[in-house]
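Take a look at the model below. The text then walks through it, piece by piece.

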Amino acid sequence: MNIIEVKNLVKNFGGVYAVNDLSLKIPRGKVVGIIGPNGSGKSTFVNLLSGMVEINSGMVIFDDAEKLKKIKPYEIQDLSITRTFQEVRLFEQMTVIDNLLVVLTSRSVFGSFFEVHKKYHLEEAEKMLQRVGLEAKKNQLAKNLSYGQRKLLEIARALLMKTEIYLFDEPFAGLFYAMIKTVSGIIKDLRKEGKTVILIEHNMDLIRELSDYVFVMDEGSLLAEGEPNSVLKKKSVIEAYLGK
Amino acid sequence: MFSIYAILGVSLNLVVGYTGLVSVTQAAFYGIGAYATALIAKTAGFGFFSSMLIGAIVAGLIGLLIGLVLSKFRDDYYVIVTVGFNIIAYGIFMNWHSLTRGPLGIVAVPRPKIDLFGLHLDFNNNLLFLALVLVFLALIYFLARFIAKSSFGRVLKAIREDEKAIQVFGYNAFYFKLAIFVISAGMAAVAGSFFASYLRFTSPNTFVLMESILILSMIILGGLANLKGSLLGAFILVLLPELMRFVGFPNEIAAEMRQIVYGVILVLLMIFRPSGIMGEYKL
């Protein structure tokens with residue numbers, strides 16, 4: 001069963017087609033790697049799925065049922081999607097704990113007006129900080145964290161959303177070994193829980209280790225797809241990365 | 001005047017400091033509050049408090065309309081549009097003669113009176129009036145504090161930091177920005193009501209763009225996203241002319257110098273301390 005099906009998706013920026021007639025099916029409960037050279041449209045694809053950029057044409061079908069030609073960013077929570085960003089986007093001048101609490105509390109104007117946060121919200125946020133090793137930083141401003149810590153906080157924030165689909169855009173970039181272990185452990189745990197992870201990554205060892213299925217993009221289109229080990233051996237994929 | 005400016009500072013800090021929306025139209029809502037109170041109290045014979053409440057609701061509704069228009073704009077364009085609204089409001093106060101009496105203004109605006117359970121308080125006494133404004137300042141301060149500390153306040157800060165990012169976590173930033181703009185407009189109108197009643201007069205000249213810039217200067221000086229900073233900023237900038245008179249400047253020069261000193265303070269702050277004296281956020 002497919003959790004996401006993309007049909008003839010197109011996104012252009014002026015004359016440049018970042019995503020060009022892309023069609024693919026993402027199976028439920030799998031870790032799906034999306035690879036491709038820089039500028040191949042991977043991040044734009046994730047931005048389209050999360051409503052960060054508007055779809056020009058084509059559609060996205062969720063759970064084989066909900067067909068969408070337009071996705072608003074604040075609606076993706078209802079589609080059970082969350083994400084991290086290629087360039088980390090934290091709420092910089094807020095504390096680490098507030099960066100997490102903000103995704104746990106009420107979404108409505110009225111509801112949030114009369115709520116601070118419940119005790120279990122705080123406990124949940126603190127537990128998550130422990131999981132990513134940031135508990136000692138909880139009262140620091142996010143802007144004062146190191147690059148790796150910022151990445152971890154962003155992943156922690158996404159995990160607290162408890163969605164079915166996680167879009168991770170280069171979560172390992174710039175992390176050192178221990179942090180890579182933490183993040184790959186998180187992705188493995190998500191797979192065990194039956195969640196769907198869409199993972200954009202350049203490190204092929206991590207793609208082999210974590211992905212159940214891989215899509216290769218080049219110039220906005222799908223170049224290849226399949227099991228990681230077989231796809232990564234394809235001549236067209238190697239040429240896309242290394243040049244002919 | 002300190003208390004009135006402090007109310008304006010606290011109200012604007014919710015929009016600028018907490019939500020990151022640089023608004024230069026607070027004097028328009030201040031004016032709407034002043035005119036609404038003056039007109040309702042004089043023509044409809046309502047008491048001060050009911051006039052003030054109606055003034056706050058009117059300002060809130062106008063804030064809602066302006067907020068809807070502002071939702072189309074961001075950053076520099078947002079600021080320019082707020083400037084435009086202040087100019088429009090001033091133009092209306094000045095030119096709608098049948099309602100506002102134009103440059104002549106509205107005179108004999110009544111002071112508040114309380115007749116309740118045998119208690120009779122007449123706020124014609126300036127000291128009593130000051131006490132009343134301080135009570136309202138305290139109420140507005142604690143309401144603003146309640147907002148800042150609530151989940152709603154946390155979402156406002158997240159919008160300030162990265163509006164697009166907070167939306168992917170299920171928040172429709174549009175409604176949050178609109179709500180705080182309306183609340184802030186209502187609070188500023190309360191300050192306007194007290195202003196009109198304090199001077200027993202209101203005219204368009206108080207609600208010019210420069211006044212909005214002054215209120216913005218106060219909160220930048222005192223500190224963005226810090227409510228105590230708004231009080232400090234109001235205290236410094238209201239008392240500054242008095243201090244200048246005290247050190248020997250003649251009255252006329254002290255008033256003119258005030259503008260220059262505000263400008264210099266703003267430039268120095270932007271260079272050396274962009275978050276203001278007690279600020280928790282810098283633009």
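Which residues does B:Ile7 touch, leaving aside those up to four places away in sequence? B:Ile7 touches B:Phe136, B:Leu137, B:Ile140, B:Met187, B:Val190 and B:Ala191. Contact here means that the C-beta atoms of two residues, placed from the backbone, lie within 7 Å.

A word on the ground rules. This is a predicted model: local features need pLDDT of at least 70, side-chain atom pairs count only at pLDDT 80 or more, and totals for chains, interfaces and linings use all residues. Residues are numbered from 1 along each chain as its sequence is written, while chains are lettered from A and ligands numbered from 1 in the order in which they are written.

B:Ile7 belongs to the largest nonpolar core, which has 159 residues. Along with A:Ala156 and A:Leu199, B:Ile7 touches the most other members. Such a core is a set of buried Ala, Val, Leu, Ile, Met, Phe, Trp, Tyr and Cys residues joined through C-beta atoms within 7 Å. A residue is buried if 20 or more other C-beta atoms lie within 10 Å of its own, exposed if 12 or fewer, and partly exposed in between; C-beta atoms are placed from the backbone. Helix H9 of chain B (residues 173–199) gives the core its largest share, 16 residues. Domain 1 and domain 2 of chain A both contribute residues, so the core lies between them.

Now follow H9(B) itself. Helices (H or I, at least four residues) and strands (E, at least two) are DSSP runs, numbered from the N terminus. H9(B) has 27 residues and reaches 39 Å from its first C-alpha to its last. That is close to the expected 39 Å, taken as 1.5 Å times one less than the number of residues. Of its 27 residues, 22 are buried, so H9(B) is largely enclosed by the rest of the structure. B:Arg200 follows the helix, with a positive phi near 60°.

Turn to chain A. Its domain 1 covers 2–89 + 148–242, and its domain 2 covers 91–144. These bounds come from an automatic or database domain assignment. The C-alpha centres of the two domains lie 26 Å apart. Their contact takes eleven residues from domain 1 and 14 residues from domain 2. On the domain 1 side, helix H5 of chain A (residues 147–159) gives the most, with eight residues. By class, that side has seven nonpolar, two polar and two charged residues. Ala, Val, Leu, Ile, Met, Phe, Trp, Tyr, Cys and Pro count as nonpolar, Asp, Glu, Lys and Arg as charged, and the others, Gly among them, as polar.

Past H5(A) comes A:Lys162, in the loop between H5 and strand S7 (165–169) of chain A. A:Lys162 has 13 C-beta neighbours inside 10 Å, so it counts as partly exposed.

Between the chains, 26 residues of chain A are in contact with 22 residues of chain B. Helices H2 (96–101) and H3 (109–113) of chain A each supply at least two residues to the chain A side. H3(A) gives the most, with three residues.

Last, confidence. pLDDT is the predictor's confidence in each residue, from 0 to 100. Chain A has a mean of 91, and 99% of its residues reach 70 or more. Among the elements of chain A, H2(A) has the highest mean (96) and helix H9 of chain A (residues 235–242) the lowest (77).
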